[in-house]
Amino acid sequence: MPFAPFSSLSTVPASIPSPPDSAFQIGPLTIHYYALCIIAGIIAAALLTNHRLTRRGAEKWVVLDIAIPAVVLGIIGARIFHVLTHPNFYFGAGKNTWNPFEYGSVWAIWEGGIAIFGALLGGAVGAWIGCRWTGIRFWTFADALAPGILLAQAMGRFGNWFNHELFGLPTDVPWGLEIESTNPAFPPGLPEGTLFHPTFLYEVLWNGLGVLVLLWLGRKVFFQWGRLFAIYLIWYSAGRIVWESIRIDPSEILLGLRSNVWAAIIGVLVGIVILVVQTRRHPGVEPSPYVPGRLPQTEDVESQHDSSDFVDVSEPPVAAGAE
């Protein structure tokens with residue numbers, strides 16, 4: 001794919017430098033900043049989700065029982081989705097597809113290569129399993145998670161900055177990203193010093209704004225029964241359509257669009273479907289974060305009297321003629 005240089009460092013008054021290192025050593029261990037960004041995002045999401053879920057009346061730290069299978073299956077799903085959408089990286093003549101002890105196998109997640117839409121699919125299955133174990137309503141958990149997962153995604157994008165990867169088209173904007181010409185992803189034919197759109201930063205800002213929007217909407221009674229999670233899907237996927245469209249890293253092209261653009265379009269549509277269906281199915285207020293017949297295993301829950309939390313703990317009305 002040919003690119004025409006728009007600028008160089010000598011003509012742009014400001015730019016964003018890429019970090020000098022992507023990892024550091026602690027004895028024999030190599031610690032990658034990308035991994036630290038992902039771990040920090042998971043921790044932040046768990047803390048925020050725990051706060052939101054316990055305010056709804058759930059047992060404290062029940063989020064951990066749900067997060068464990070969600071994170072494990074989310075990582076597996078993220079890797080599978082990446083492999084399936086980048087088949088030329090792993091399959092074909094001369095490729096090491098299956099041997100995990102050599103570079104480039106489908107198993108080598110430590111070499112990089114995960115996809116957020118695969119993480120969402122795998123994580124949703126894991127969260128459903130965790131909710132079944134704990135008795136938490138799946139959609140209650142999803143709504144509690146929505147701001148946290150967007151925060152985690154914002155934090156995780158800094159890992160792409162440390163890795164000097166997934167940048168966008170050449171640009172002459174003052175916030176252009178510096179990428180060394182020796183980077184394997186640097187487009188051939190462009191002069192050294194060409195700047196690129198910092199798509200990681202665009203997504204960080206978009207996701208950060210989305211966190212604030214979701215926290216605000218989450219205080220409204222309408223955004224229960226999975227409707228806040230639907231807004232998350234629409235918000236994140238809409239932004240991803242834009243950022244993905246200007247990225248220049250290799251990707252499968254389907255009907256003229258990158259595979260992740262199609263995934264983002266599907267994300268918007270799924271969010272709209274959830275919003276419509278759940279509005280029709282559940283016009284009222286969620287009675288409890290627990291499914292009928294399930295209660296917290298301990299009494300260590302936060303008692304809330306703030307109407308903004310929308311926890312209805314009253315007895316159900318008695319039908320006419322019932323005893």
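Q: What counts as a helix or a strand here?
A: Helices are DSSP runs of H or I with at least four residues, and strands are E runs of at least two. In this predicted model, the protein chain has nine helices and seven strands.

Q: Why are α1 and α5 called roughly antiparallel?
A: Helix α1 covers residues 33-55 and helix α5 covers residues 138-156. They pack at an angle of about 155°. Angles over 145 degrees count as roughly antiparallel. The two helices are therefore roughly antiparallel to each other.

Q: What else describes how α1 and α5 pack?
A: Their axes lie 8 Å apart. The crossing of α1 past α5 is right-handed.

Q: What makes α1 and α5 partners in contact?
A: Contact means heavy atoms within 4.5 Å. Residues of α1 that meet α5 include Tyr34, Ile38, Ala45, Leu48 and Arg52. On the α5 side, Phe141, Asp143, Leu145 and Met155 are among them. By class, this contact has 17 nonpolar, five polar and two charged residues.

Q: How do you know that β1 and β2 pair?
A: Two strands pair if DSSP finds at least two bridges between them. Four bridges join β1 (residues 23-26) to β2 (residues 29-32). The two strands run antiparallel. Phe24 has Ile31 in β2 as its bridge partner.

Q: Which residue in the hairpin of β1 and β2 takes a positive phi?
A: Gly27 does, with phi near 65°. The hairpin has two residues between the strands.

Q: What share of the protein chain counts as buried?
A: Buried means under 20% relative accessible area. Of the 323 residues, 45% count as buried.

Conventions:
Residues are numbered from 1 along each chain as its sequence is written. This is a predicted model: local features need pLDDT of at least 70, side-chain atom pairs count only at pLDDT 80 or more; totals for chains, interfaces and linings use all residues. Side-chain values use heavy atoms; hydrogens and water are left out. Axes are lines fitted to C-alpha atoms, for helices over the stretch in contact, and angles run from 0 to 180 degrees between N-to-C directions. Angles under 35 degrees count as roughly parallel, over 145 as roughly antiparallel, 65 to 115 as roughly perpendicular and the rest as oblique. A crossing is left-handed if the near helix is turned anticlockwise from the far one by less than a right angle, and right-handed if clockwise. Ala, Val, Leu, Ile, Met, Phe, Trp, Tyr, Cys and Pro count as nonpolar, Asp, Glu, Lys and Arg as charged, and the others, Gly among them, as polar. Buried means under 20% relative accessible area, exposed over 50%, partly exposed in between (1.4 Å probe, protein chains only).
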